[in-house]
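Please look at the sequence and structure first.

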Amino acid sequence: MLETARLFLSATANHPISAPLNLKLNSGDRALLILYDQLNLEAFPKELLAQKPLIIFVESRKYAMVIPHHKQKLVHILSTQRHFAIACHQQGFPVLNLFTEGFHADAIDSLLAEYPHLALTYMQPSEWDTRSQFESLAHKFNGRVQKIANSFFIANAEKYKPKIKKGYRLETFYRELRKQTGYLMEGDKPMGGSWNYDKENRKSLPKKIVIPEIPEIAPDAITQEVIDLVKNYLPDAFGNLDRFSYAVTREQALDLAKLFMQSRLANFGAYEDAIKTGEPFLFHSVLSVYLNNGLLMPQEICEMAIAAYEDQNNLDQNNLVPLNSVEGFIRQILGWREYIRVYYEAQMPTARTQNYFGFTNNLPQLYWNADTDLACMRDAVTNVLNYGYSHHIQRLMVLSNFSNLTNTDPRQLNRWFWLAYIDAYEWVELPNVLGMSTFADGGILASKPYVSGGNYINKMSDCCAKCKYDVKEKVGDQACPFNYLYWHFVDQHRDSFAENGRVSLMVNTYDKKTDPDKQAIRDSAVKFIASLDSDKMVQPLYRDLAR
Ligand code: SF4
């Protein structure tokens, strides 16, 4: 009997993908497993699809539970997969949608055991644990399970993996990929003469600028059924589910991509690092949600952006795309996204355990409920609770910065990012958190720890004007905590700062402070960190997150 893998009929009974369980399989029949983040037939070999294989999807309760993901993320994964399963059926593929209490590989294990004539092809999973489970499965069913390479990325990870070591930085990798793809190239030279226009991409937001809205996509019957399922089965999961408006089909995601190119790409570059209270998206594309589950392919999004830059006849005057915007956008996808994926391939599984500074504090409770007087932190966590999303500078310079400055165990922060963000799969969030923002790998990926005082946040946001704390005060109960925490961090970790030319200046600046000033910094920092409610997690579900 197929016990752990059974048809999951509740949401699909009205759709013709509820294939009979007593499959009639001939010797040598081949099925194709498509995982939750591989939802695009363009990425699979045409010869394989031409055989019209049985396409199998798995809904895994254990995957949903092992990291207690944000409710909207669970809805997004399940609803998108179900919509894609129906689209495959409509294209003439036989489709089987399985549900398992276990992991994805457990469902396939039971299926292969029950149907000894069935052979299976699967694409290399992007996440380490799922990959390991399928490697064991392939070993068990030797000869019946075939793996194909993952085609959802541009860079050849095997080529670049050996280069990932201290000193192999993004810029070198990015230039190689620009040459390989020809994106924004004029012959062998970068378009406009520069590889990188980041210096033009650090403007704070003008007060009167209009931020175009991202259209909300109302949940259809399939999404609504998944929303009810998540509300019923995982009421204590992280985040709010009062609204859900993400795209769940490729067509919807493509429409959002086209709209971004027309209305927000123009200002993406200049205001990439800006923060505005109550505005989780600003000019960011939010396409990582759809790139990371496969609905959109990285090449097509890069090419759409380049086309928007090269053919500006269709854009109105207010939306003309400057080179710094399109280059900044291409660098995020072709550069950063591909680079961190290679890092993950090269550094796992040891990357998970890194804690360079040896921090031991628990993640402060405010990450779970946004209950804090720090206006910048409250806004960033509120965005995450409401949308499973905040843009990259809130992730880096607010949430990660605060975690570093409060000596929080970076592995706890890493798990929080993994479960809290709708676009977070381990391959993408782990390098961002343990490699870049917390410096937990000791400098393999980044050249310095990402820490700053309140001045940076004040310059890039409107938060400080709305805050109980005074960003101009340096120490004491009214002072912005980022200020004294920053100098305390510089003092505590002076060795790692002193070694680094880019930040050694800060150690010199600290050393020039008077002894009473240094003591006041220490006192304020110790008092503030002790005041954080870090020992008591909000919900028992999250107690085991550190590992
Ligand atoms: Fe954040 Fe400090 Fe500004 Fe308050 S004053 S919003 S804590 S940076």
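The largest nonpolar core has 185 residues, and I56 and W416 have the most contacts inside it. A nonpolar core is a set of buried Ala, Val, Leu, Ile, Met, Phe, Trp, Tyr and Cys residues joined through side-chain atoms within 4.5 Å; buried means under 20% relative accessible area, with a 1.4 Å probe and protein chains only. This is a predicted model, in which local features need pLDDT of at least 70, side-chain atom pairs count only at pLDDT 80 or more, and totals for chains, interfaces and linings use all residues. Residues are numbered from 1 along each chain as its sequence is written, and side-chain values use heavy atoms, leaving out hydrogens and water.

- Leaving out residues up to four places away in sequence, W416 touches F238, L363, Y367, W368, V384, L399 and Y421, where contact means heavy atoms within 4.5 Å.
- L205, Y271, A274 and L282 are among the seven residues of a second, separate core.

**S285**
- S285 lies in the loop between α10 (265–268) and α11 (288–291).
- S285 is buried, at a relative accessible area of 14%.
- Beyond its neighbours within four places in sequence, S285 contacts F260, R264 and F329.

Notes
Buried < 20%, exposed > 50% of the residue type's maximum accessible area, 1.4 Å probe, protein only. Helix = DSSP H or I, 4+ residues; strand = E, 2+ residues; numbered from the N terminus.
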